[in-house]
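Keep it brisk, and give the cut-offs along the way.

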Amino acid sequence: MSTMANEPSKIKPWTRWQDWAALALGVYVILATMWTRTSGGAVATMIVLGALLVLAAVWSLAMPGSMTSEYAHMLLGVLLFLAPWVLGYSGLAGAAWTSWVVGVLAVVVGAAALPEANVAHSRGMAAGQH
């Protein structure tokens, strides 16, 4: 009887849909500054957090066994969600809603990738790939 821990990892780099979704969300946040009404603080926040989300997504795509990159997606999602209130652009509907929606979605895709990342991480450690 074969168990999951004994099977070779089937998770290959550059294939997990959750990481591609996180990449698209990061790019969307950056580009949304062009068509939503924003202020200087909102633009900077959206570009920086969007770029960090893109970097975390590329990290996850390249290293599917990295648990830290998935937690980074979720942390950046939380920061995006809180940013309109903390940084004072909740009155700018387009920028605020973009941050809120993308923030929630980033947390969701990060959490959805955790089980697969955990399996890949465990198998990588068992095989001495760490």
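Trp20 is partly exposed, with a relative accessible area of 41%. Here buried means under 20% relative accessible area, exposed means over 50%, and partly exposed lies in between, with a 1.4 Å probe and protein chains only. Trp14 also counts as partly exposed, at 44%. The two rings form an aromatic pair: Trp14 and Trp20 sit 6.4 Å apart, centre to centre, with 50° between the planes. That angle makes the pair tilted. Rings of Phe, Tyr and Trp (its six-membered ring) pair if their centres lie within 6.5 Å; planes under 30 degrees apart are stacked, over 60 edge-to-face, and the rest tilted.

The model is predicted, with local features needing pLDDT of at least 70 and side-chain atom pairs pLDDT 80 or more, while totals for chains, interfaces and linings use all residues. Residues are numbered from 1 along each chain as its sequence is written, and side-chain values use heavy atoms, leaving out hydrogens and water.

Stay with Trp14 for a moment. This residue lies in the segment before α1. Its phi is positive, about 70°, although Trp14 is not a glycine. Most residues other than glycine have a negative phi.

Now turn to the other aromatic pairs. A search of the whole structure finds five. One of them joins Phe81 and Trp85. Their ring centres are 5.3 Å apart and their planes meet at 70°, so this pair is edge-to-face. Both residues belong to helix α3, four residues apart, which means that about one helical turn separates them. Phe81 is partly exposed, at 30% relative accessible area. Trp85 is partly exposed too, at 49%. Ring pairs extend the group: Phe81, Trp85, Trp97 and Trp100 are linked into a cluster.

Phe81 and Trp85 also take part in a nonpolar patch on the surface. Patch residues have over 30% relative accessible area and no salt bridge; nonpolar side chains (Val, Leu, Ile, Met, Phe, Trp, Tyr) are joined within 5 Å, like charges within 9 Å. A salt bridge is a side-chain nitrogen of Lys or Arg within 4 Å of a carboxyl oxygen of Asp or Glu. Two elements give two or more residues each: α3 (67–86) and α4 (93–126). Helix α3 gives the most, with five residues.

What does a buried residue look like here? Take Asp19, buried at a relative accessible area of 1%. Asp19 is found in helix α1 (residues 17–32). Leaving out residues up to four places away in sequence, Asp19 touches Ala57, Ser60, Leu61, Glu70, His73 and Ala113. A contact means heavy atoms within 4.5 Å.

Last, the chain as a whole. It has four helices and zero strands, in the order α-α-α-α along the sequence. Helices (H or I, at least four residues) and strands (E, at least two) are DSSP runs, numbered from the N terminus. Of the 130 residues, 42% are buried. Among contacts between residues at least 6 apart in sequence, 70% join residues at least 24 apart. The chain exposes about 6900 Å², and carbon and sulfur atoms supply 73% of it. Accessible areas come from the Shrake-Rupley method with a 1.4 Å probe; for residues, only the protein chains shown count as cover.
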